[in-house]
Amino acid sequence: METHDLRKVGLKVTHPRMRILALLEQRNAQNHQHHMTAEDIYRQLLEHGDEIGLATVYRVLTQFEAAGLVLKHNFEGGQAVYELDRGGHHDHMVDVDSGNVIEFESAEIEELQRKIAADHGYELEEHSLVLYVRKKRR
């Protein structure tokens, strides 16, 4: 995302906003875990020598969420995590032992959800699917 994109969504270009956005984009581009807590972001900023407070990280993430730049997820038993809103839809699995969040897409699941809504006389507007999983023990 470029500085003019921040302005396009009504946000001033500031050092904290640019650094936090860069961290989220870096995680996305390197195909790491896309989901980060505010504390994860804060720790990474400190590791890179950025003196941006935790309260500022939370404030910027809230602004990014309101502007449609990030998605916030509150998975059961864990902290809120954030990811860039890359458009398109995906669902999540949460490993209950490690807390890792795995993204997945399934055309079959999407179609089944539309069918279930239609069978009950509804049209699906939006949904969120989270599977809580554990590695199989052998």
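Which hand does the crossing of α3 and α4 have, left-handed or right-handed? The crossing of these two helices, α3 and α4, is right-handed. Welcome to this structure, which is a predicted model. The chain holds five helices and five strands, and 33% of its 138 residues count as buried.

**The chain as a whole**

- If you draw a box along the principal axes, the C-alpha atoms of the chain fill roughly 50 × 45 × 25 Å.
- The chain exposes about 9100 Å², and carbon and sulfur atoms supply 49% of that area.

**Helices α3 and α4**

- Helix α3 covers residues 38-47 and helix α4 covers residues 54-66.
- Two packed helices are described by the angle between their axes and the distance between the axes.
- For α3 and α4, the angle is about 125 degrees and the axes are 9 Å apart.
- The two helices, α3 and α4, are therefore oblique to each other, since an angle of 65 to 115 degrees would count as roughly perpendicular and one over 145 as roughly antiparallel.
- On the α3 side, the contact is made by Ala38, Glu39, Ile41, Tyr42 and Leu45, while α4 brings Leu54, Val57, Tyr58 and Leu61.
- Sorted by type, the residues of this contact between α3 and α4 are eight nonpolar, no polar and one charged.

**More about helix α3**

- The buried residues in α3 are Ala38, Glu39, Ile41, Gln44 and Leu45.
- Glu47 also has its place in helix α3, but Glu47 is exposed, because its relative accessible area is 62% and the cut-off for exposed is over 50%.
- From Glu47 to Ser98 there are 51 residues in sequence, and the C-alpha atoms of Glu47 and Ser98 are 23 Å apart in space.
- After α3 comes Gly49, which has a positive phi near 80 degrees.

**Glu110 in helix α5**

- You can find Glu110 in helix α5, which spans residues 107-119.
- Is Glu110 buried or exposed? With a relative accessible area of 13%, Glu110 is buried, because buried means under 20%.
- Leaving aside residues up to four places away in sequence, Glu110 touches His89, Asp91 and His127.
- Glu110 and Leu84 are 26 residues apart along the chain, and 22 Å separates their C-alpha atoms.

- Asp97 sits in the loop between β3 (91-95) and β4 (101-104).
- Which residues does Asp97 touch, not counting those up to four places away in sequence? Asp97 touches Arg134 and Arg137.
- Asp97 and Asp85 are 12 residues apart along the chain, with 26 Å between their C-alpha atoms.
- Glu123 belongs to another stretch, the loop between α5 and β5 (130-133).
- Glu123 counts as exposed because its relative accessibility is 65%.
- Computed along the sequence in residues, 50 lie between the positions of Glu123 and His73, and their C-alpha atoms are 24 Å apart in space.

Terms used:
Residues numbered from 1 in each chain as written. Predicted model: local features only at pLDDT ≥ 70, side-chain atom pairs only at ≥ 80, totals over all residues. Heavy atoms only, no water. Axes fitted to C-alpha atoms, helices over the stretch in contact; angles between N-to-C directions. Helix = DSSP H or I, 4+ residues; strand = E, 2+ residues; numbered from the N terminus. Parallel < 35°, antiparallel > 145°, perpendicular 65-115°, else oblique. Left-handed = near helix turned anticlockwise from the far one by under 90°. Contact = heavy atoms within 4.5 Å. Nonpolar A, V, L, I, M, F, W, Y, C, P; charged D, E, K, R; others polar. Buried < 20%, exposed > 50% of the residue type's maximum accessible area, 1.4 Å probe, protein only. Areas by Shrake-Rupley, 256 points an atom, 1.4 Å probe, with all protein chains shown as cover.
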